[in-house]
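I opened my notebook to go through this structure piece by piece. Here is what I looked up, entry by entry.

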Amino acid sequence: MSIDLGMPQLGGLDLVPQAEAPQTAKDFTSDQEVRWCPGCGDYAVLAAVRSFMPTLGIKRENTVFVSGIGCSSRFPYYMDTYGMHSIHGRAPAIATGLAVARPDLSVWVVTGDGDSLSIGGNHLIHALRRNVNLKILLFNNRIYGLTKGQYSPTSETGKVTKSSPMGSVDHPFNPVSLALGAEATFVGRAIDSDRKGLTAVLQAAAAHRGTALVEIFQDCPIFNDGSFDVLRSPETAPQRLIKLTDGEPIRFGPVGDDGLGTFAVVREGFGLRVAEAADVDPADVVVHDAGDVHLAFALSRLSDQDLTHTVTGVFRDVQRTTYDDAVRAQVGAARATAERAGGPDLQSVLRGADTWTVED
Amino acid sequence: MTSTDTRPPTGDAPGRPSQPTVVRRDRVVIRFAGDSGDGMQLTGDRFTSETASFGNDLSTLPNYPAEIRAPAGTLPGVSSFQVHFADFDILTPGDRPDVLVAMNPAALRANIGDLPKGGIVIVNTDEFTPRNLTKVGYAGNPLEDDSLADFQVHRVAMATLTRGALESTGLSKKDAERAKNMFALGLLSWMYSRPQGSTERFLREKFAKRPDLAEANVLAFRAGHAYGETTEAFAVVYEVAKAKLPAGTYRQITGNTALAYGIVAATHVTGLEVLLGSYPITPATDILHELSRHKAFGVTTVQAEDEIAGVGAALGASFGGRLGVTTTSGPGVALKAETIGLAVALELPLLVIDVQRGGPSTGLPTKTEQADLLQALHGRNGESPVPVIAPQTPGDCFDAVLDAVRMAVTHRTPVILLSDGALANGSEPWQVPDVAALPTVDPAFATEPNAPDGSGAFWPYLRDPGTLARPWAVPGTPGLEHRIGGLEKADGSGSISYDPANHERMVHLRAAKVAGIPVPDLEVDDPGGAAELLVLGWGSTYGPIGAAARRVRAMGRDVATAHLRHLNPFPANLGEVLGRYRAVLVPEMNLGQLASLLRSRYLVDAQSYTKMTGQPFKAEELQDVFLTHIPGAHS
C-alpha cells in the first residue's frame, strides 16, 4: 500500500504502455546461455523475475534492465528486454538519466552488494533520496564472487576470505537501514529461494512510484556457500524469519493455538524486541505499518546481521513526488509558458537583449 | 610625468567645462582592477556591453581569484577584467592595458607592471590608507612619491565622490560606497564616449526588486560621467570608431554562453531532446546555469551527485534516444573517463565538454590551460578512440558544439569538446546565426530488425558500411529488444564475445569508425605565399597566434598560420601541410602535447613553444618567438 502524502497519486507503471497480448516467461527469455555457477541463487531470482514480468502486463519493449558489474550484473543479458550491462557501481546513475528521459519505460536496476554498497554507494543513496522511478534489485550474497571471494561491505566482521586471512575487520552495512537513512520511499527484502515472498515484494515494488530498493538474500555456493541456510532450513527458519504483512500483527515461528506464530515483535524503549506471544498482551504486539519509517528502521535492526532474526517483506512503502516526474513537470511548465507566448523561439534566445546591426 | 590632481567639483563653482580634446584611437585596452568584492567583473562586463552596442570589435579577459572573497585588500584578492576594443577586427583581449583602473593599492600593485610607459592610471585614492598600503607591501604611498612617474596618473576619490552623489538617497555610508564601481564605469564611459543608456537600463533591471539600489547605482554611474565632463582634470576624451565587421546582426557572447546556446540549438538541428548531466565545477558551471533556463526547448538538466553520475545520466538518456551531454573541467573528465570508455563500447552518442583549467589536480580553477588534450585523446583504458574538437574563439564555441553533435549522432560515438578558461569567460562580438540555416542532423533511429540471416532478429552491432556506425535502437521499439554493455561484443550480432579474432576486429572497427569521420581540410593563412615557417595552433591560442602573425607580417616577414579545430581525427591534409614548410612551430598552453602528437604521427620536426602561467599568450610575446623561428632569422 502507499500512503497519500498529498501528492498526485500515480502508480509505478501508469505511464508505461500496456502489452496488447498476454506475455509469458518465455517471451522474457533471451537466447543467451545463462552462465552463472551451478547452484547460484541468481538462477532462482532470474526464474522468478522472468515469471513475474509478464504479470505486470506492460510492453516488453518498454522494459529495461540496467546493471553494473558483478555476477548478478549479467542479469540483463538473460532477459529479452532492452538492457545495459554498464560499469561498476554506476547503474543507478545511468538508470536515472534513462528514467528521467523516458517516462514510458519500466526501468529495473540489477546490482550486488559490492556494486551498490561499495563502489557505487554514492549513486545508490542519491537515487534513493531523489526517489527516481527505478526498481533496484540488490542481490546480496555478502561476498565478492566475480573476483573470486573477497569480503564485501555486507560480509560479517571476522569473515575469513582470500583478502582477509585473519578475518575481516570491516563492519558491515545493513542495506535496509542504509536505504531508510537515505530517504528511500520503498524498501523490501526477500530470499532468493522464496519464490512467493520474492514475487510479492517485486509486485509491490513495481506498483510503487519512485525508487524501490529490494534486497534479495542470495546464495553464492562457491565463495559463501550456505550463508543463508539458517533462513531456509525447516528446523531453523521459523524461529528466525519474520514475514511482514502490512496491517497485520508481527507474529512468526511455529503456529500456535491462535493460528499465528508463537513469537511476536513488541516495542521496547525506542526499538523492538522479540517475545513469546504467550507472554505478552496481544495489544502490545506491533502491527506492521509500511508508512511508519521509525518502525521500518527498528525492524531493520531487530537483531545484528547474524540472521538471528531476519525480517522480510515490505518495510516501507510511502508516496513522495518522484524526481523524474518533478523534472518533467518543470520542463512541461516551461514549455507551456513558452508556447503561450508563441515560442519557444530559438532565434530570439540567440539574439538576446542587446544586439547591433552592421550594414553592408 | 603627466599627473593631474583632481578634487571633487564644488557645488558653488560649477563653471562651464572647457571642451576636452577629442583624440581618435584605432584600439584601446582597458583593465578594471579592484578587490574581489569591488564588482570589477560587473563593471568590465557593462563597459563591454556598451562597447559592443556601440559597434566596436572587442575581446575580453576576466581574471579573478578562485576564492569567492579572498581577504579584502590583499594581492590574492585582486580581481580584474580587461577589455580590448577597436575599429578593426581584433583577435585578442590585448597584451598590455592602455588604461588601468585601480580601485585599491592591491589592484595597483598587482597590475602596474603590465602597463606600458605613458599609460593612464586612474586610482581610487580613498583606499590608499597607510593600513591598506602596508597590507600589500608598499613602504610609502605610490601616489605621493614618484614611483608612478612613467604614467599619467589620475587621482580620484571615488568612494567620497560616490558617497556625496548619493547623499540624497539616505543609504548608509557603506552601502553608498559600494556603488563606487559604477562611478568608475561612468567616468570611463565618458572618457571613451560610450553610450550610457544600456547600463542604466541594465541597472534598473538588475535591481528591479530594490529600486533604491537601482537608483543609487544609476546616480553613481551618472556622477562618474559628470565628473569626467566637469572637472577639467581629464583634458582628453577618446573615440574609437565602429569596426567594419561583415554585415549582420551582432551581440556580445562569452564562450560558456555560446556552448550553452549550441546545446540548445542541438535540440533544433537533431530533433532530439537534450539531457545534461552535470556537477558544478569551475570554469564550466555557467553552462549548467544557462541550460537550466532553457527547459522549454526540451533541455533537461540533472545536477548529479558527482561527475560520474553526471556523465552516467547523460549516457542513460542517450540509450533512451535523447542527446546526452555532460559539462565539466579537467578533474571531472578524469572522473568520467570510465563512463566515456563505456560509451565508446556502447557506441552511443554523447557530448562531453571539458572547459580546461590549470592542472594537475585542483590546479588553478579560474585560470586557463590546454593541458587536457592528451587526457581527452588517451585518458581511458584500452584502445578507446574518441573524436576531439576544439573551438578557437568564444563565438566559435557555438559552431563547435553543433559540429560535435553531428559527429556524435551520425557516428554513434562520444565526442569530447575542449574549451578552456580563456574562451569560457572571454567575450567577443558574435554574428547571430540564422536558425533556419543551421544544417540538420538525422538521428536515424533503427525501426526494423536487421539480421542478415533473415531471422527477424535485431543485431545491434551490424554497421553501416559507409560510416561504420551501428544502429541506434531505442527502448520502446518493438522487435528490437537488445542488450549492450561494456563487455566485448561480437561484430554484428552484439552478443558477448571473448573470441580473440573478434576482439582484434572490433578494436580496429572502432578505430576505423572514428578515423573515418569526415573533417574539413586544414586551411593555411599565408598572405605572402612565401612563408617558410608554419605556426600551428589549436583552441584558444587562435587569437594571439593570429595577432602575432599580423605583427610579424607588418614587419615585412612571412609566416604561415593554421589552426586545428579537429584534434581527432586530424584533417586528411595535415601531413601534407606540415611537409610544405621548412619549420613548424606549435605554441601551446601545455608542455607540448600537440607537438608530440605531430612528431609521432608525421615524423615532422615540430618545435614547441609552451606557456603554463594560467594566462593566455600575448601577441607581443609570440611575435618575438615567431621571429626567432623563421628559418634564417638570425643570419
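**Entry 1: A:Ser86**

I started with A:Ser86 and its relative accessible area, which comes to 1% in this predicted model. Anything under 20% counts as buried, so I wrote A:Ser86 down as buried. Next I looked for its place in the chain. A:Ser86 sits in the loop between β2 (82-85) and α2 (91-101) of chain A.

What does the side chain of A:Ser86 reach at 2.7 Å? I found the backbone oxygen of A:Ser67 there. Then I listed the contacts of A:Ser86, leaving aside neighbours within four places in sequence. From chain A they are A:Ser67, A:Gly68, A:Ile69, A:Ala91 and A:Ile94. The list also holds B:Leu342, from the other chain.

**Entry 2: chain B against chain A**

That contact sent me to the interface. How many residues of chain B are in contact with chain A? I noted 70 residues of chain B, in contact with 55 residues of chain A. The size of an interface is often given as the accessible area lost when the parts come together. I looked that up too: the area buried between chain B and chain A is about 5200 Å². Carbon and sulfur atoms give 62% of this area. B:Glu305, B:Glu481 and B:Arg483 supply 14% of the area that chain B buries against chain A, more than any other three residues.

Then I turned to the pairs across the interface. The rule finds 4 salt bridges between chain B and chain A. I also looked at a salt bridge between the side chains of B:Arg201 and A:Asp354, at 3.8 Å from N to O.

Which elements of chain B supply at least two residues each to the side that touches chain A? My list includes α1 (40-54), β10 (248-254), α11 (307-319) and β18 (483-485). The largest share, 7 residues, comes from α11(B). I also sorted the residues on this side of chain B: 36 are nonpolar, 22 polar and 12 charged.

I followed β10(B) further. It pairs with strand β12 (residues 356-358) of chain A, in the antiparallel sense, over 3 bridges. In β10(B), B:Gly248 is the bridge partner of A:Val358.

**Entry 3: A:Arg301**

Buried, exposed or partly exposed? I checked the relative accessibility of A:Arg301. It is 48%, so A:Arg301 counts as partly exposed. A:Arg301 lies in the loop between α8 (293-300) and β11 (310-317) of chain A. Leaving aside neighbours within four places in sequence, I found A:Arg301 in contact with A:Asn174 and A:Ser177. With A:Ser177 there is a polar contact, side chain to side chain, at 2.8 Å.

**Entry 4: B:Ser540**

Last, I went to chain B. B:Ser540 is in the loop between β20 (533-538) and α17 (542-554). Its relative accessible area is 12%, so I noted B:Ser540 as buried. Not counting residues up to four places away in sequence, B:Ser540 touches several residues, among them B:Gln370, B:Pro391, B:Asp420 and B:Met589. Its side chain makes a polar contact with the side chain of B:Asp420 at 2.5 Å. I also checked a separation: B:Ser540 and B:Gly421 are 119 residues apart along the chain, with 9.0 Å between their C-alpha atoms.

Key. Residues are numbered from 1 along each chain as its sequence is written. Chains are lettered from A and ligands numbered from 1 in the order in which they are written. This is a predicted model: local features need pLDDT of at least 70, side-chain atom pairs count only at pLDDT 80 or more; totals for chains, interfaces and linings use all residues. Side-chain values use heavy atoms; hydrogens and water are left out. Contact means heavy atoms within 4.5 Å. Buried area is the accessible area (1.4 Å probe) that two parts lose on being put together, summed over both. Helices (H or I, at least four residues) and strands (E, at least two) are DSSP runs, numbered from the N terminus. Ala, Val, Leu, Ile, Met, Phe, Trp, Tyr, Cys and Pro count as nonpolar, Asp, Glu, Lys and Arg as charged, and the others, Gly among them, as polar. Two strands pair if DSSP finds at least two bridges between them. Buried means under 20% relative accessible area, exposed over 50%, partly exposed in between (1.4 Å probe, protein chains only). A polar contact is a pair of N or O atoms within 3.5 Å; within protein, one must be able to donate a hydrogen and the other to accept it, and residues adjacent in sequence count only if both atoms are side-chain atoms.
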